[in-house]
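Subject: Handover of a structure and the findings

Dear colleague,

Please find below the structure that I am handing over to you. I would ask you to keep it open while you read the findings that follow.

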Amino acid sequence: MRLRPLRSRPGGPASRRFGTALPAVLATVATLTSGCVQGEGAGDAAGADIRLDYAYYNPLSLVVRDRKLLENAGHSVTWILSAGSNKANENLRAEAIDIGSTAGSAALMARANNTPIKVVSLYSKPEWAALVVPQDSPVGSVAQLRGQKIAATKGTDPYFFLLQALGTAGLTGKDVDIVNIQHSDGKTALERGSVAAWAGLDPYMAQSRQEGKSRLLYRNPEFNTYGTLNAREDFLAEHPDRAQAVVDAYEQARVWALAHPAELAALLAREAGITPEIAAEQVERTVLDNEPVPGPELHAVLARVVPIIVADGSVRSAQDATAALESLFEPQFATKATV
């Protein structure tokens, strides 16, 4: 089943707002799209030799899919849309996909909770998360969020961004009322006034800023934990050649994306059903010429997250979190990647 992306109203300019009913529809689609979406020419899931996700927060995945980089190399691919890191991890646990794209913090949490995955490549270094409030909100600082309702999707980078941001004001997750809903639903809740703030994720965050007249209350690129490509351990053991093909395709996509930023934004706009201006804002906040090999930089970023996810109760113990971090990386595929 293919779910078509949502579009702006026909006949209007690219910057026109979506209709009033569309946010609710968008929320419904985002929460349902962890189901199967066939790639062009791909067989059913049982016949595909690679099951791979794509996500609007991961522009390189859109390039790999749109340009058929794996299919043109002789692979049959079943594509599954991930609405967030939590959905990608659910599909990895269920063995519905072989490789999925998440944030580094989500990969760490998943492995600490016994999901047998390895980070095989870093697809981006994005600033895809920030704290968002309505434009006319009286809240002017993180400290003023004490006691307020904040929408966030647990198990994702925006959620861990929220916890880190609260920490800068001496607050914890217990000092606010966290409403755990999917990213697109958080956007809708913010714009309807159901919550005081939202731990946003692009492209919904850029969309809310441009069309929903929201503003970014707090930004900190260092609190975003890279985009990580994660493979199930059994898939790596049984099909290392297929894993290498995926990582190679991502590197081909990276080269193309860096050379064609305008085309990348147009692709994101078309696939996500957003305006070119919104897509351009997301692309502008996404570093794609990062080092793809998981190593010391990612380790340092995730080491800062370990005590946060332990204190939050997202993992059972500090020992589990530390052990997960020390066994999370599998750099050989990105090291060997060819374009």
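In what follows, a helix axis is a line fitted to C-alpha atoms over the stretch in contact, and the angle between two axes runs from 0 to 180 degrees between N-to-C directions. Please note also that this is a predicted model.

Helix packing

Two packed helices are described by the angle between their axes and the distance between the axes. Helix α2, residues 59-66, packs with helix α10, residues 261-272, at an angle of about 85°, and the two axes are 10 Å apart. Angles of 65 to 115 degrees count as roughly perpendicular, and α2 is therefore roughly perpendicular to α10. On the side of α2, the contact is made by P59, L62, V63, R65 and D66. On the side of α10, the residues are L264, L267, L268, R270 and E271. Sorted by class, this contact of α2 with α10 holds six nonpolar residues, four charged residues and no polar ones.

A second pair of helices is α5 (residues 157-168) and α12 (residues 296-312), whose axes are 11 Å apart and meet at an angle of about 95°. That angle makes α5 roughly perpendicular to α12. Here Y159, F160, L163 and Q164 of α5 meet V305, I308, I309 and D312 of α12. The residues of this contact divide into six nonpolar, one polar and one charged.

An enclosed helix

Which residues of helix α3 are buried? They are S85, N86, K87, A88, N89, N91 and L92. Because seven of the nine residues of α3 (residues 85-93) are buried, this helix is largely enclosed by the rest of the structure. The elements that cover the buried residues of α3 include the strands β2, β3 (77-81), β4 (99-103), β5 and β11 (227-232), together with helix α4. After α3 comes E95, which has a positive phi near 60°.

Aromatic rings

A pair of aromatic rings is described by the distance of the centres and the angle of the planes. Across the whole structure, a search finds eight aromatic pairs. In one of them, the rings of Y57 and W128 have their centres 5.9 Å apart and their planes at 85°, so this pair is edge-to-face. Y57 lies in the loop between β2 (50-54) and α2, while W128 lies in the loop between β5 and β6 (129-134), so the pair ties together parts that are 71 residues apart in sequence. Y57 is buried, with a relative accessible area of 5%, and W128 is likewise buried, at 3% relative accessibility.

W128 also forms an aromatic pair with Y123; this pair is tilted, with 6.4 Å from centre to centre and 55° between the planes. Y123 is buried too, with a relative accessible area of 1%. Ring pairs link Y57, Y123, W128 and Y250 into a cluster.

Backbone features

Most residues other than glycine have a negative phi, and most peptide bonds are trans. The following places depart from that pattern.

- The peptide bond from D202 to P203 is cis, with omega near 5°. P203 is found in the loop between β9 (197-201) and α7 (204-211).
- N114 is not a glycine, yet its phi is positive, about 75°. N114 is placed in the loop between α4 (104-112) and β5 (117-126), and it is exposed, with a relative accessible area of 54%.
- K213, also a residue other than glycine, has a positive phi near 55°. K213 belongs to the loop between α7 and β10 (214-218), and at 40% relative accessibility it counts as partly exposed.

The chain as a whole

The secondary structure of the chain comes to 14 helices and 12 strands. Of the 339 residues in the chain, 57% are buried. Among the contacts in the chain with a separation of 6 or more, 81% are between residues 24 or more positions apart.

Yours sincerely

Note on methods: Residues are numbered from 1 along each chain as its sequence is written. This is a predicted model: local features need pLDDT of at least 70, side-chain atom pairs count only at pLDDT 80 or more; totals for chains, interfaces and linings use all residues. Side-chain values use heavy atoms; hydrogens and water are left out. Helices (H or I, at least four residues) and strands (E, at least two) are DSSP runs, numbered from the N terminus. Angles under 35 degrees count as roughly parallel, over 145 as roughly antiparallel, 65 to 115 as roughly perpendicular and the rest as oblique. Contact means heavy atoms within 4.5 Å. Ala, Val, Leu, Ile, Met, Phe, Trp, Tyr, Cys and Pro count as nonpolar, Asp, Glu, Lys and Arg as charged, and the others, Gly among them, as polar. Buried means under 20% relative accessible area, exposed over 50%, partly exposed in between (1.4 Å probe, protein chains only). Rings of Phe, Tyr and Trp (its six-membered ring) pair if their centres lie within 6.5 Å; planes under 30 degrees apart count as stacked, over 60 as edge-to-face and the rest as tilted.
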